[in-house]
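This briefing is meant to be read alongside the sequence and the coordinates. Please keep both open while working through the points below.

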Amino acid sequence: MRGNAGGRRAARLGALATATALVATLAGTTPGHAGPQSDPVTGVQTSASSGQGYLVGRGVADATGEIAEVGMMGYGRLDQQAEGLHTRLRARSFVIVDQATDARVLLVVVDSPMIFSSVHQEVLDRLADEYGDLYDEQNVLLTATHTHSGPGGYAHHLLYNITTLGFHSKTFDAIADGILDSVRRAHGDLAPSTLRLTHAELTDASANRSHEAFGRNPEDERAFFPDAIDPQTTLLRVERQGEPVGAINWFPTHNTSMSGDNRLISADNKGYAAYHWERRVEGVDYLDDATPDFVAAFAQTNAGDMSPNLDLTPSPTPEDRHRTAEIGLRQYRAAAGQLDRPGTPLRGGLDAATVYIDLSDVTVRPEFTSDGREHRTCDPAVGAAMAAGSTEDGPAFPLFAEGDNPLLDAVSDTILYEVSPALRDCQAPKAVAVPIGAMNDLYPWVTERVPVQLVRIGSLHLIAIPGEVTISAGLRLRQTVAEATGADVRDVLVAGYSNGYAHYVTTPEEYDAQHYEGGSTLFGRWELDALRQTAHELATALRDGTEVPVGTAPPDLSDRQLTLQPGVILDTPVLGTGFGDVLTQPRSLYLPGERATAVFSGAHPGNDLHRGSTYVEVQRWHDGEWQRVADDGDWSTTLEWARRGISASTVTVSWDVPADAPDGTYRIRYHGDAKELSGTVRAFTGTSAQFRVATSGHLGH
């Protein structure tokens, strides 16, 4: 029970008027062992160590939401409304089963900005409907790559839906459906497999964007990361009959290579790394292969202060696409290079445990705090430094700065803190811009109850944290679990952006600097230590086979969603044309490296998301038929949508002719869907004129 609950509620309500104005400005387990048997009360699952090896299943599916007239998630910009598609977003699932006990874990890596509690709850509910208690909150780990170029509007908390004008059910369903499709494919793909774990270093794909705050950490942590980055790149590879058939890579760098000026949906650098390995190297055809021969996922770890912009300056659009591909390629090369290493074969049982904690009300014991005293977390509050933004990766709001904010400090001192001195004391030295916990009493703005999970696969331990963990905060979490379990700290990873989202996690020393990351650490200076305490409880419970309470899951808020953006009412073709007519034809001849473009009289892409399909085809005439050589999931294509007048649309399809494109005759096709006033949606297809691709040596033929 919370102490002085009535007083805290009064303080919350008293701060609402100021908070509402300020937020408007900001908007401009019970642990057990994973297995098929669960105690109906505690949820404990048990497994034993096994020498019989694993069954592993792999699956990949399309999880792309809306691509037009939806706010993009990540940069928090009202003006960043999607205008088309660069690459599709995918969910990649891996089911791992201990053959001796049928204990299992499910790991899902999603090209998504965040895994909000809304998605976590929906996926768990659907898994229960389909598989009973085989997959549940204990053994399912959902993690996001944190692309900042995905569609938003799929959270159940208002703060994240401000820039999207409310909840978008189509995007929410696309993400959940894509995850479920990938799980079904992985479940159906189970086969005897070997798991091997390797580590390497990657030093040119990240930079510390908060170096001053990092420099406040103890000397031993700074020595552990001498270049102020976490260079460890970890690969879990799946082998069948001695051949690799899948891989999960963990490496910390923000998925912010695509800038805040980008308006096309993109999986960013981690999505490119996965695409390159699957499509370009292994020849996967996402439209034909339900379960391809190779599945590669690139997951996040403690990337809170790691930027992919090595010069700490965001690249303008469209130049940012080149930087995205380069950082993605570096992650791919570091991961694929580990295939040449024998690695450590994983053996032993599988364990998984999840507990829910109220992060706003945790008493942290002295053994987990830096000063050896008991402390408490507190109601969530947004700091001025959060509003300042991380200028190394994106734009900042005017009038706010990292560090000191004298004007806001004066407002806080005379208004907010007069209402709630306890908030001032708990959040110090944060300059509170919005006491958002008070606002939660009237409407859910941010989550306070979060899941913390620990998954063990042989010697590999994954600490699933619903937030953005800095490298030093991550190291403390890793060391906490390693010390409790006897594991090598290299084999203990923080799986950030997992199962929920509660913003940032910084060390107390970094919090004191109140840079962007510290200002975004919502629950006060002792938030990390509260998570360390929870991770330690999970680790010792798994080690000893004991139990701790699962806790209370966050409430289902699906019936409290606001939707302010109207849907498509009517599509009409551009005046004087029909749907699919070509307004601008491609040239008759292109060389490799050039861009072929066609403009069509189109319709709104939101009428049909074409999930699992494509809006675009580039076709080549070969062996007496038109054969698809690229689609809208390829890096070489883009679809740009624009409104013409009130209800007409133009769709521009571009194809960057690859350097290895064979000579031949090509054409571009666009598949659209137009909505009538009656609500009926009718599909149509537009086809460009034919054009030639020729190398310079064949121009005259």
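Glycine 71 has its bridge partner in S3, namely glutamine 81. The model is a predicted one, in which local features need pLDDT of at least 70 and side-chain atom pairs count only at pLDDT 80 or more, whereas totals for chains, interfaces and linings use all residues. Residues are numbered from 1 along each chain as its sequence is written, and side-chain values use heavy atoms, with hydrogens and water left out.

**The seven-stranded sheet**

- Helices (H or I, at least four residues) and strands (E, at least two) are DSSP runs numbered from the N terminus, and two strands pair if DSSP finds at least two bridges between them.
- Seven strands form an open sheet with antiparallel pairing, in the order S7-S2-S3-S30-S31-S27-S25; its edge strands, S7 (150-151) and S25 (582-584), each pair on one side only.
- S2 and S3 run antiparallel and are joined by two bridges, and S2 also pairs with S7 in the antiparallel sense over two bridges, with glycine 150 in S7 as the bridge partner of methionine 73.
- Strand S2 (residues 68-73) is largely enclosed by the rest of the structure, because five of its six residues are buried, where buried means under 20% relative accessible area, exposed over 50% and partly exposed in between (1.4 Å probe, protein chains only).
- Strand S3 (residues 81-85) pairs in the antiparallel sense with strand S30 (residues 637-644) over two bridges, and leucine 85 has leucine 639 in S30 as its bridge partner.

**Nonpolar cores**

- A nonpolar core is a set of buried Ala, Val, Leu, Ile, Met, Phe, Trp, Tyr and Cys residues joined through side-chain atoms within 4.5 Å.
- The largest such core has 88 residues, and those with the most contacts inside it are Leu127, Ile179, Ile463, Ile465 and Leu477.
- A second, separate core of 34 residues includes Ala598, Val616, Leu639 and Phe684.
- Not counting residues up to four places away in sequence, isoleucine 465 touches (heavy atoms within 4.5 Å) several residues, including Val452, Leu477, Tyr497 and Leu531.

**The disulfide**

- When a disulfide is taken as a pair of cysteine sulfur atoms within 2.5 Å, the count comes to one disulfide, which joins cysteine 378 to cysteine 426 with an S to S distance of 2.3 Å.
- The pair links distant parts of the chain, 48 residues apart, with cysteine 378 in the loop between strand S17 (375-376) and strand S18 (382-383) and cysteine 426 in helix H11 (residues 421-427).
- The torsion about the S-S bond of cysteine 378 and cysteine 426 is about -95°, so the disulfide is left-handed.
- Cysteine 378 counts as buried at 6% relative accessibility, and cysteine 426 is buried with a relative accessible area of 19%.

- Lysine 170, in helix H4 (residues 169-188), is partly exposed with a relative accessible area of 39%.
- The C-alpha atoms of lysine 170 and glycine 65 are separated by 6.6 Å, although these residues are 105 residues apart along the chain.
- Leaving aside neighbours within four places in sequence, lysine 170 is in contact with Glu66, Gly606, Asn607 and Leu609, and its side chain reaches the backbone oxygen of glycine 606 at 2.4 Å.
- Aspartate 358 lies in strand S15 (residues 350-358) and is buried, with a relative accessible area of 15%.
- The side chain of aspartate 358 makes a polar contact with the side chain of serine 360 (2.6 Å); a polar contact is a pair of N or O atoms within 3.5 Å, where within protein one must be able to donate a hydrogen and the other to accept it, and residues adjacent in sequence count only if both atoms are side-chain atoms.
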